[in-house]
Amino acid sequence: MTRAATPLPDAPTTATAVFQMITGHYLSTAVNAAARLELADAMADGVHDHQTLARRTGTHPDSLLRLLYLLASAGLLTDEGEGRFALTEAGRLLRKDADLSLHAVALMHAGPGHIQRWISLPELLREPPKGSEDKPRGNPFAQMPPHVAQIFHRAMTFFSQHTSEAVVRSYDFGRFRSLVDVGGGEGTLLAAILRANPELRGTLFDLPSAGEAGRRTLAEAGLAGRGEVVDGDFFTSVPAGHDAYLLKSVLHDWDDDASRTLLANIRAAMKPDSRLLLVETIRPDRFDTTAGSLLAAYSHLGMLFNGGAERSEREFRSLLGGAGLELNEITWIRPAWSGVANTAVIEAVVA
């Protein structure tokens, strides 16, 4: 009689952990492939065999099966046996129609272009950080092809959706009559602020590529009467004379010179008693193995590719001071998407 072999239990080692770091791109590329194939949408209605999924995604059954095994090992699917799989709660976040969908984030952050940039990291590290003078003339976000801009704005909407509740809960917007969301993308954060503050009027100010989606966001939320969309480039000017100006995850895209130009434009538009509100990661003074530290380190290194940076409190104070502004208050928040509290609402006033 032959007995079936029983696998030995896992015994994770330090080498295993390092190996997983080395091969992390295997999984991120697989998740990107699943997003591009819209695999999670094809699995939305229950348990499916890989033959059916191959037909729905236009792939070869045997090749797709290998991808399904990896996604199941990563916790995005459950392996039901005999080539049958189902979405887990985590896997459902890759559906395009899911609440707080990560589909666009997977397309952008794990896409071929993004990964190719990271492959060039050794060469980039041999040079000083890029400055605004090294970028193409004009605002590079305005130069995105339409399909890239659509994915970008959808991905940024994910982060805004997960951050909005924490911002609205933590900061008092009720003292303002008017607010401008500068570089506010599709208007997710502005809509959340307006819903929570019925007396407030808002302006969504961004490039024309975001305008249509912004108008739709405000209209669908029933806020078109209190929110307007103004197209423009914040490196030229911003709407003047409002009580508050909001910049969420904008300054970290730019070096100090470009950031000072943007802040100076806002300073010129502010009234003496206006407030500037920055929603940004504040880089720790010392890094460790906590989740907040790791996320800040990820972003700080990633911003090297386009000349931006995550900044410390001291650096924010200096940057604001150079534009005639003064850091007045820091309110820490905990965005739902990350569960960590390294993001803050930084309030600045006219110096």
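User: What makes E7, helix H13 and E8 a right-handed β-α-β unit?

Analyst: Helix H13 (residues 256-269) belongs with strands E7 and E8 to this unit. A crossover is called right-handed if, with the strands pointing away from the viewer, the path from the first strand over the helix to the second runs clockwise. The unit is therefore right-handed by that rule. Helices (H or I, at least four residues) and strands (E, at least two) are DSSP runs, numbered from the N terminus. This is a predicted model: local features need pLDDT of at least 70, side-chain atom pairs count only at pLDDT 80 or more, and totals for chains, interfaces and linings use all residues. Residues are numbered from 1 along each chain as its sequence is written, and side-chain values use heavy atoms, with hydrogens and water left out.

User: How do you know that E7 and strand E8 pair?

Analyst: Two strands pair if DSSP finds at least two bridges between them. Five bridges join E7 to E8 (residues 275-281), so the pair meets the rule, and the two run parallel. Lys248 stands opposite Val279 in E8. Strand E4 (residues 178-182) also pairs with E7 in the parallel sense, over three bridges.

User: Why is Glu347 called buried?

Analyst: Buried means under 20% relative accessible area, exposed over 50%, and partly exposed in between (1.4 Å probe, protein chains only). Glu347 has 2% relative accessibility, so Glu347 counts as buried.

User: Why is Arg275 called partly exposed?

Analyst: Arg275 has a relative accessible area of 21%, so Arg275 falls in the partly exposed range.

User: What makes Glu347 and Arg275 a salt bridge?

Analyst: The term requires a side-chain nitrogen of Lys or Arg within 4 Å of a carboxyl oxygen of Asp or Glu. The closest N and O atoms of Glu347 and Arg275 are 3.5 Å apart, so the pair qualifies. Glu347 lies in strand E10 (residues 343-350) and Arg275 in strand E8, so the pair ties together parts that are 72 residues apart in sequence. Salt bridges that share partners join Arg175, Arg275 and Glu347 into one network.

User: Why does Arg169 count as exposed?

Analyst: Arg169 has 54% relative accessibility, so Arg169 belongs in the exposed class. Glu165 is exposed too, with a relative accessible area of 55%.
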